[in-house]
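These are notes for a colleague who is opening this model for the first time. Please keep the structure in view while going through the points.

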Amino acid sequence: MKTIRWGLIGCGEVAEMKSGPGFIRAANSQLVAVADRNPKRAEAFAQRHGVARWHDDADAIIRAPDVDIVYIATMTESHRDFVLRCAAAGKPVLTEKPMAMSHADCLGMIAACREANVPLWVAYYRRGLPRFLKVRELVQSGAIGDVRMVLTRHFQRIPSPEEMRGPFWGWRLDPKRSGGGIFFEAVGHTLDILDYIIGPIDGVRAFAGNQAGAYPPEDVVTVAYQFASGIYGSGAWCFTADRDDEHNEIVGSQGRITFSTFPPLSPPAGRPPVPIRLVRGNTVEEFPVADPPYVHQPLIQTIVDEMNGTDRCPSTGETAARTARVIEDCLAEFNAARKR
């Protein structure tokens with residue numbers, strides 16, 4: 001079993017808190033070099049995590065002979081360019097989500113990697129997390145009978161003006177950098193994990209708008225959709241609500257499953273994510289499955305194992321492009337009106 005050597009581009013919040021240490025902790029995996037356009041940030045990241053080499057030039061990662069695969073942890077606006085550069089260099093690549101600014105860009109990235117014969121994966125890491133694998137197992141084992149419908153509810157309080165100008169929200173609420181608003185940047189996680197649990201969505205009817213006027217992109221979306229299997233679903237997302245409230249419900253002929261896509265926004269120290277609940281008649285069974293310290297690590301492991309020929313990563317360019325298409329369909333009328 002060979003050690004897969006990673007190069008990382010983008011030493012910001014996601015790499016620091018969710019993914020970077022996962023490349024070090026995964027079996028048969030090594031983070032050998034990092035790059036960031038801010039050289040001080042790249043140097044500090046490398047020193048904190050014991051990475052041997054740092055750069056301020058992405059090409060130093062992409063073209064390095066000791067880098068087997070590149071991880072792109074930059075903002076959405078740059079994903080397409082970096083993936084195309086990796087493909088041209090013959091390097092396998094894992095890019096952050098959202099995969100790109102548009103579905104058309106996603107298809108172009110897939111085509112470039114296919115032509116170069118290099119794998120393309122996308123960091124929809126929930127496909128590797130144990131709690132979502134548990135939901136998938138319950139559904140596929142028939143724990144709730146035949147699935148009839150999926151319901152999603154996601155309400156969130158509006159960030160303060162200071163938070164909207166800060167490093168976390170600032171770029172996420174700038175469509176030129178992130179591709180859209182909170183729905184575009186974050187809700188892909190919900191739509192993607194439903195794709196993994198239930199199957200692809202192939203029809204969407206949606207309304208989207210901006211009710212509060214606190215920032216340019218969408219702040220409210222309501223959607224009805226149909227899975228290719230014939231199962232129906234609906235979702236309501238409001239990011240200027242009075243409280244935080246987020247959960248999904250999978251309704252079956254013999255029961256239902258509820259679970260959250262996201263952990264609580266401000267959980268007490270050590271508190272696990274909201275438990276999965278399986279309801280059958282008057283019986284309620286809970287599964288309090290915790291996330292690992294670095295949530296990307298299980299998905300990283302599937303990529304390392306695929307490169308070693310022992311497993312398959314479930315989050316590919318093709319699966320992520322399906323999610324990008326659904327998001328684009330949900331926001332199509334809103335974005336068209338905004339451009340007029």
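1. Two strands are said to pair if DSSP finds at least two bridges between them. Helices (H or I, at least four residues) and strands (E, at least two) are DSSP runs, numbered from the N terminus. In these terms, Arg256 has Val279 in β13 as its bridge partner.

2. Some ground rules on the source. This is a predicted model, in which local features need pLDDT of at least 70 and side-chain atom pairs count only at pLDDT 80 or more, while totals for chains, interfaces and linings use all residues. Residues are numbered from 1 along each chain as its sequence is written, and side-chain values use heavy atoms, with hydrogens and water left out.

3. The open sheet. Six strands make up an open sheet with parallel pairing, in the order β3-β2-β1-β4-β5-β6. Its edge strands, β3 (53–55) and β6 (120–122), each pair on one side only. On average, neighbouring strands of this sheet are turned by 25 degrees against each other, direction ignored. Here axes are lines fitted to C-alpha atoms, for helices over the stretch in contact, and angles run from 0 to 180 degrees between N-to-C directions.

4. Strand β4 (residues 69–72) pairs with strand β5 (residues 93–95) in the parallel sense, over three bridges. One of the partners is Leu94 in β5, which is bridged to Tyr71. Helix α1 lies across β1 (4–9), β2 (29–35), β4 and β5, and runs at about 140 degrees to β2. Contact means heavy atoms within 4.5 Å.

5. The antiparallel strands. Strands of a sheet pair through backbone hydrogen bonds, either parallel or antiparallel. Strand β12 (residues 256–259) runs antiparallel to β11, and four bridges join the two. A hairpin of three residues connects β11 to β12, and Val251 stands opposite Arg256 in β12. On to the next strand: β12 also pairs with β13 in the antiparallel sense, over three bridges.

6. The hairpin of β13 and β14. Strand β13 (residues 276–280) and strand β14 (residues 283–287) are antiparallel partners over five bridges. Leu278 has Glu285 in β14 as its bridge partner. Two residues lie between the strands of this hairpin, where Gly281 takes a positive phi near 65 degrees.

7. Is Glu249 buried or exposed? Glu249, found in strand β11 (residues 245–252), is buried, with a relative accessible area of 17%. The cut-offs are under 20% relative accessible area for buried, over 50% for exposed, and partly exposed in between (1.4 Å probe, protein chains only). Not counting residues up to four places away in sequence, Glu249 touches Met149, Val150, Leu151, Arg256, Ile257 and Thr258. The C-alpha atoms of Glu249 and Thr152 are separated by 6.4 Å, although the two residues are 97 apart along the chain.

8. Salt bridges. A salt bridge is a side-chain nitrogen of Lys or Arg within 4 Å of a carboxyl oxygen of Asp or Glu. By this rule the model has 25 salt bridges. One of them joins the side chains of Glu13 and Arg172 (3.4 Å, N to O). Glu13 lies in helix α1 (residues 13–25) and Arg172 in the loop between α7 (161–165) and α8 (175–178), so this pair ties together parts that are 159 residues apart in sequence. Glu13 is partly exposed at 33% relative accessible area, whereas Arg172 is buried at 6%.

9. Two further pairs. Asp36 and Arg41 meet in a salt bridge through their side chains (3.1 Å, N to O); Asp36 is buried at 6% relative accessibility, and Arg41 is partly exposed at 37%. The side chains of Glu137 and Lys134 form another salt bridge (3.3 Å, N to O). These two residues, Glu137 and Lys134, are three residues apart in helix α6 (residues 130–140), so about one helical turn separates them. Glu137 is partly exposed, with a relative accessible area of 44%. Elsewhere, salt bridges that share partners join Glu13, Lys97, Arg172 and Glu185 into one network.

10. Cavities. A cavity is a set of points, on a 1 Å grid over the protein atoms alone, where a 1.4 Å probe fits but cannot get out, and its lining residues have an atom within 4 Å of a point. Grid points are joined across faces, edges and corners, and a volume is the space filled by probe spheres set on the points. The structure holds three cavities of 30 Å³ or more. The largest cavity has a volume of about 50 Å³, and its lining consists of Pro98, Met99, Ala100, Tyr124, Phe184, Ala324 and Ile327.

Definitions and conventions:
On a 1 Å grid over the protein atoms alone, a cavity is a set of points where a 1.4 Å probe fits but cannot get out, and a pocket is an open set with protein on both sides within 12 Å along at least five of seven lines; lining residues have an atom within 4 Å of a point.
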